Amino acid sequence: MDQHNFDYIIAGGGTAGCVLANRLTVERDVRVLLLEAGPPDSNPMIHLPPGYGFLLGRYDWRFATTPQRHCYGRRIPLAQGRVIGGGGSVNAQVFTRGQPGDYDEWASEYGCVGWSFKDVQPYFLRSEGNARLGPPWHGQTGPLKVSDPATLNPLSAAWIEAAQQHGLPYSDDFNGATQYGVGPYQTTTYRGKRWSTASGYLRPALQRPNLTLRTGRRLTRLLLAGDQVYGVEVLNAGGQREQFFASREVLVTAGGLGSPRLLMLSGIGDPADLRAHGVVPKVDLPGVGQNLHDHYAVHVVCQVGQRLGIDQYRRLRRDTLRVGLDYLLRHSGPASSTGVEVGGFSYSGRRPTQPDLQHHFLPALDGQSAGSLVPPGYGCKFDTNFSRPRSRGRLSLISADPLDSLQVDPNYLADPLDLEMNVQALEQCLDIVSQPALARYGTRVLSEGHDLSLRSGRENYVRGLGRSASHLVGTCAMGAGQMAVVDPQLRVHGLRGLRICDSSVMPRLISSNTQAPTVMIAEKAADLVLGKVAPPD
């Protein structure tokens, strides 16, 4: 095979790119190149479910926001995977896909014909290999393995009980007929190991002679001739430029921040903004980099008065040895846990038609609270958010140098409703902490100097201590309007031979974690590329 000429080039080896690499190379006469800036997923900590706490900073892009004017001018870190498997190789592996209404809104409100829930559900089912749940809401034979927690920490069980005492119902399936309730999260793990799309999709596909993988290749620009995209340029690990050519299409899967960056570096975007950063405009597409939004997560850190939670295994060598043996011999115990074992979905006080608050619970102090170092001891952490944020931001280049970082402004809490709903989410957390199931352990909220008995104190806590949930989407939004970047076939408006096939095309953030929907987008993208989906009338 010519090492620079292919039928398809997949630009980005993250969650979506690994899916596409598998599905396209099923066609034996199709030659596919997969490019990734980061390294292979060979570090053992990537495959250990709780290992993600050790990975960020080493296997991510180390982006941060611009100073957030509604969050006391803080620059908030943004975790975006930079490794084969992308975010799926460094996340907490929570498997939720949102509500049917999320996708119905894509179709009805944003002009995304063919993306209603009934249209996308077959791709969710095709991708999923669920160890417990089955039809009609789940698949059992797909490449993405999904399972229940092998073990449940006593603090996690206590949180479920406390949330029920607060008034929330128990749920054993957040991806079924209703999202509402609390219980254990299913995760993308298999026999005690992380199961990213690199494990489920890419690894089998690498045995095929028509797939070529190149890591350590940083995308610098798309190659254009008029309105035709015919390849990509990269910087390799040695700093040399390489060019690769696609006879059919370039499929961009660089994520919510990487995909619009590649377009802008290539002269595709708002002409005035591009010129301001030293890039010659080639395609006037003002929506590139706009519509940026994310879940703004409020962290509540608590100490407990007993030797409980994951922290105990970090402090006593004999426990660490026992945990290691339990994992190696039985694929169970704390080392098989993602840490984020339980959580759920609830309604805010405004009682919308579908749940609009999401909760995660971690039975550990997490080493650091939202603001300052946590005192020694044992504890737990809540992570809660308003799952349907209204605030919108943007990203732009710093310069035309592809090695420069980005200006990323999610504009957190710009819409007053986002502040109100996140305060309500915090108030739910505080009430759950006060319930007998957790109070019996001497659970105490670390308020970081805020008087949480006052409304003003709770608002200040939300503004001052919230973080990114790493669910950044929308920057190459799908649709038919003036600010849409791709059409419902994922083709970039005004260009030939180019599609965007990742979370950046979501016109609106779904009300859950984003890995499963990104897999779905890539599954459908593969069918669109191969002509297996008939275009709408």
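Helices are DSSP runs of H or I with at least four residues, strands are DSSP runs of E with at least two, and both are numbered from the N terminus. The model is predicted, so local features need pLDDT of at least 70 and side-chain atom pairs count only at pLDDT 80 or more, while totals for chains, interfaces and linings use all residues. Residues are numbered from 1 along each chain as its sequence is written, and side-chain values use heavy atoms, with hydrogens and water left out.

**View 1. The whole chain.** The chain has 14 helices and 24 strands. Its C-alpha atoms fill a box of roughly 70 × 50 × 45 Å along the principal axes. Of the 537 residues, 61% count as buried. Buried means under 20% relative accessible area, exposed means over 50%, and partly exposed lies in between (1.4 Å probe, protein chains only). The accessible surface comes to about 19800 Å², and 51% of this area belongs to carbon and sulfur atoms. Areas come from the Shrake-Rupley method with a 1.4 Å probe; for residues, only the protein chains shown count as cover. Take the contacts (heavy atoms within 4.5 Å) between residues at least 6 apart in sequence: 70% join residues at least 24 apart.

**View 2. The cis bond at Pro136.** The peptide bond from Pro135 to Pro136 is cis, with omega near 5 degrees. Pro136 sits in the loop between β5 and β6 (144–146).

View 3. Side chains of opposite charge can pair when their charged atoms come close. A salt bridge here is a side-chain nitrogen of Lys or Arg within 4 Å of a carboxyl oxygen of Asp or Glu. The count comes to 26 salt bridges. One of them joins Arg97 to Glu128, with the closest N and O atoms 3.6 Å apart. Arg97 lies in the loop between β4 (77–78) and α3 (100–110) and Glu128 in strand β5 (residues 128–130), so the pair ties together parts that are 31 residues apart in sequence. Arg97 is buried at 2% relative accessible area. Glu128 is buried at 0%.

**View 4. Arg508 and Glu105.** A salt bridge of 3.3 Å, N to O, links these two side chains. Arg508 is in the loop between β24 (498–500) and α14 (515–529), and Glu105 is in helix α3, so the pair ties together parts that are 403 residues apart in sequence. Arg508 counts as buried at 17% relative accessibility. Glu105 is buried too, at 15%.

**View 5. Glu249 and Arg499.** Their side chains meet in a salt bridge of 2.6 Å, N to O. Glu249 belongs to strand β13 (residues 241–252) and Arg499 to strand β24, so the pair ties together parts that are 250 residues apart in sequence. Glu249 counts as buried at 11% relative accessibility. Arg499 is buried, at 8%. Elsewhere, salt bridges that share partners join Arg23, Arg126, Glu523 and Asp527 into one network.

**View 6. Phe245 on strand β13.** Phe245 lies in β13 and counts as partly exposed, at 26% relative accessibility. Gln3 is 242 residues away in sequence, yet the two C-alpha atoms are 9.6 Å apart. Beyond its neighbours within four places in sequence, Phe245 has contacts that include His4, Asn5, Phe6 and Tyr230.

**View 7. Ser346 in strand β17.** The strand covers residues 342–346. Ser346 counts as buried, at 1% relative accessibility. Its side chain makes a polar contact of 3.1 Å with the side chain of His359. A polar contact is a pair of N or O atoms within 3.5 Å; within protein, one must be able to donate a hydrogen and the other to accept it, and residues adjacent in sequence count only if both atoms are side-chain atoms. Outside the four places on either side in sequence, Ser346 touches residues including Leu168, Tyr180, Pro355 and Gln428.

**View 8. Helix α11.** This helix runs over residues 416–433 and has 18 residues. From first C-alpha to last it reaches 26 Å, close to the 26 Å expected. The expected span is 1.5 Å times one less than the number of residues. In α11, 14 of the 18 residues are buried. At its start, a side-chain oxygen of Asp415 comes within 2.8 Å of the backbone nitrogen of Leu417.

View 9. Arg62 is not a glycine, yet its phi is positive, about 60 degrees. Arg62 is in the loop between α2 (44–47) and β3 (63–64) and counts as exposed at 62% relative accessibility. Arg191 has a positive phi near 50 degrees. Arg191 is in the loop between β8 (189–190) and β9 (193–194) and is exposed at 56%.
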